[in-house]
Amino acid sequence: MNRLPAPFLAGLRHRLFWPCVTLALLCLVNFYFNRGFFDIEIKNGALYGSVIDILNRAAPLMLVAMGMTLVIATRGIDISVGATVAISGAVVASMIGGSLVIQNGVQSYVSNVPMPLAILGALAVALLCGLWNGLLVAGAGMQPIIATLILMVAGRGIAQLITAGQIVTVYYEPFFFIGNGFLLGIPVSLYIVAVVLIALLLLIHRTALGLFIQAVGINPVAARFSGISARALVFWVYAFCAVTAGIAAMIITSNVKSADGNNAGLLLELDAILAVTLGGTSLAGGRFSIVGSLIGALIIQTLTYAIYSLGVPPEINMVVKALVVFAVCLIQSDALRAMLARHVLRTGEAA
Amino acid sequence: MLKSRRSLLSAIAAGFIVGGLALPAFAAQLTLGFAQVGAESEWRTANTQSIKDAAKAAGINLKFSDAQQKQENQIKAIRSFIAQKVDVIAFAPVVTTGWDTVLKEAKSAKIPVILTDRSIETKDPSLYVTMIGSDFTEEGRKAGKWLLENYKNPGDVNIVELQGTVGSAPAIERKKGFEEVIKADPRFKITRSQTGDFTRSKGKEVMEAFLKTDKKVNVLFAHNDDMAIGAIQAIEAAGMKPGKDIIIVSIDAVKGAFEAMMAGKLNVSVECNPQLGPQLMDIVKEVKAGKAQPKRINTKEGVFPMETAAKEFPNRKY
């Protein structure tokens, strides 16, 4: 062991080492079955390729995973993010709506409400969802899983109510830019992720916020005694998580140009929790990594992509996914690795 | 309390009197109790509207109940129809099993039952008169037939398929019908098949992956229009022309599909008709008149190629 250079060892012990290994492995699997996996071309002035697809499709999950990371870091959980996506998607789609007007064979698009207003409105509704969750968890002291379960169940109903049970199609071209557009060849959704990421990292590392969150996650009582207003912190963390879901909803809705109260963001909460876990954040609170969660989200999307391009029969998609997730969790388990290492050492001594 | 009860009683009494007076005038009017699944999709909403409109047009008194996708609500609704002694009960069963008890109650009350849109599993087929609905296998066959007849380019034809929700009847049967027909010509091969869950977002995501992995895709067969619409966006992003570089065949013929067809991006959509109201009302009348019915009646469904879209669009109700 002494022969290995020190930086290498440090890298090995780094929290993000194993998530990165997993991601790299999945990319190699993709490359094995699809030699064009790493190819990137320029089509219509935009980057085009599998990797771009994965980044682009993972954007909503990355956003929600960032919010979820903070919630989980404070020992909480938010299972209502999928419902929040459905609600704010429904709000933005029905506010913009627009209709396809055909006059003398010319198609034109009309928006109901100015677009910035509609987006702000939808984000405000998402914030409202988060405030509700925060109120229940931090204010009423409910168990996070139960508190957010309420919105998870009610949310799709609310979304259905807004859309009157229909899939609302948006016919307003400028709105499509958020989920389909490219700036300097890079998908707009990635800029959105980058902005949220940078803002969050600055907040966490340049202010005491990260430390506070960690303190609350490790021991809320001790955190309170040391002067952190734990309740307010937890309250705003839920609000932030819902807003990330709201931003994700803008991308999702814009991408498919419609809001589907039944399916938008379905099971997103579970993917987000999985992404956070894969990224090395402890579900017991305290230890967390925003960048890890982003890698977790990319792992999930890369896996999904692999399933599509491998030609796995659709009936067993879920089983394949579950097996890979199982394997990934094993790789990342410190306890298992320690056990294996001991085993290797012992057999080494015996030999 | 007393006052309100009295007013309630008088209201009931008034109801009886009005009902009694009205009865002779509408002696011939049939009453149909209809228990709908809910309002889960555009298709379902169109289905409900069609039944309501057709009942009005046919002069049938319709008692409508929305089960909000719950079987117990539907059973409750059917029981209340029996208690109200309606002439005929029709319903679109939420699930396939568990209907025997309530249907036996209807049978002993001598009220005929018609199933719409979905069928049930029962050991006693005498519990319902007939089932009227779409034949998903036939829709798949129509899609395949259109493709065989209209695909002109020479050489092998690589087809990618976007399946519906895994395990759902439309996904299984549309796939079966389509494969049955294209088997006739060895040039046609399904090279990739994956589920898109009947949604636009999944349709788009899966198609993106297909296009990166396979350089030669000639035809897309989507089990519904929504997935096709999602896939069209993916094809455009890949710098190809949907409808020309890749021929697109889908099923349902909803409004969105017509818009895509008018834009020249979707080649054909096979109708899956939710407007079974008029046909249902005819059958209700015949059943009441004692005419025998086949156990299975298929709805009338068309095939709409791109060329007919603009002409047909104004007539579409869903």
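So, before I show you the first helix pair: a helix axis here is a line fitted to the C-alpha atoms over the stretch in contact, and the angle between two axes runs from 0 to 180 degrees between the N-to-C directions. And keep in mind that this is a predicted model.

Okay, chain A. Take helix H5, residues 115-139, and helix H6, residues 144-163. Their axes come within 9 Å and cross at roughly 145°. The crossing of H5(A) and H6(A) is right-handed. Which residues meet there? On the H5(A) side you've got A:Cys129, A:Trp132, A:Asn133, A:Leu136 and A:Val137, and they meet A:Pro144, A:Ala147, A:Thr148, A:Ile150 and A:Leu151 in H6(A). Sort the residues of that contact by type and you get eight nonpolar, two polar and no charged.

Staying with nonpolar residues, let's go to the core. The largest nonpolar core has 119 residues, and A:Met66, A:Phe175 and B:Met207 touch the most other members. Apart from that core lies another one, of 20 residues, including B:Ala35, B:Ile78, B:Phe91 and B:Leu103. Not counting residues up to four places away in sequence, A:Met66 touches A:Val193, A:Val196, A:Leu197, A:Leu200, A:Phe240, A:Ile290 and A:Leu294. As a general point, nonpolar side chains in soluble globular proteins tend to be buried together.

Now over to chain B and its sheet. Six strands form an open sheet, in the order S2-S1-S3-S4-S5-S11, and the pairing is parallel. At the edges sit S2 (61-66) and S11 (296-298) of chain B, each pairing on one side only. On average, neighbouring strands of this sheet are turned by 20° against each other, direction ignored.

Last stop: B:His223, in the loop between strand S8 (219-222) and helix H8 (225-237) of chain B. Buried or exposed? B:His223 is buried, because its relative accessible area is 0%, and the cut-off for buried is under 20%. Who's around it? Leaving aside neighbours within four places in sequence, B:His223 is in contact with B:Glu161, B:Leu162, B:Gln163, B:Gly164, B:Ala171, B:Arg174, B:Lys175, B:Phe198 and B:Ile251.

That's my tour, thanks.

Note on methods
Residues are numbered from 1 along each chain as its sequence is written. Chains are lettered from A and ligands numbered from 1 in the order in which they are written. This is a predicted model: local features need pLDDT of at least 70, side-chain atom pairs count only at pLDDT 80 or more; totals for chains, interfaces and linings use all residues. Side-chain values use heavy atoms; hydrogens and water are left out. A nonpolar core is a set of buried Ala, Val, Leu, Ile, Met, Phe, Trp, Tyr and Cys residues joined through side-chain atoms within 4.5 Å. Buried means under 20% relative accessible area, exposed over 50%, partly exposed in between (1.4 Å probe, protein chains only). Contact means heavy atoms within 4.5 Å. Two strands pair if DSSP finds at least two bridges between them. Helices (H or I, at least four residues) and strands (E, at least two) are DSSP runs, numbered from the N terminus. A crossing is left-handed if the near helix is turned anticlockwise from the far one by less than a right angle, and right-handed if clockwise. Ala, Val, Leu, Ile, Met, Phe, Trp, Tyr, Cys and Pro count as nonpolar, Asp, Glu, Lys and Arg as charged, and the others, Gly among them, as polar.
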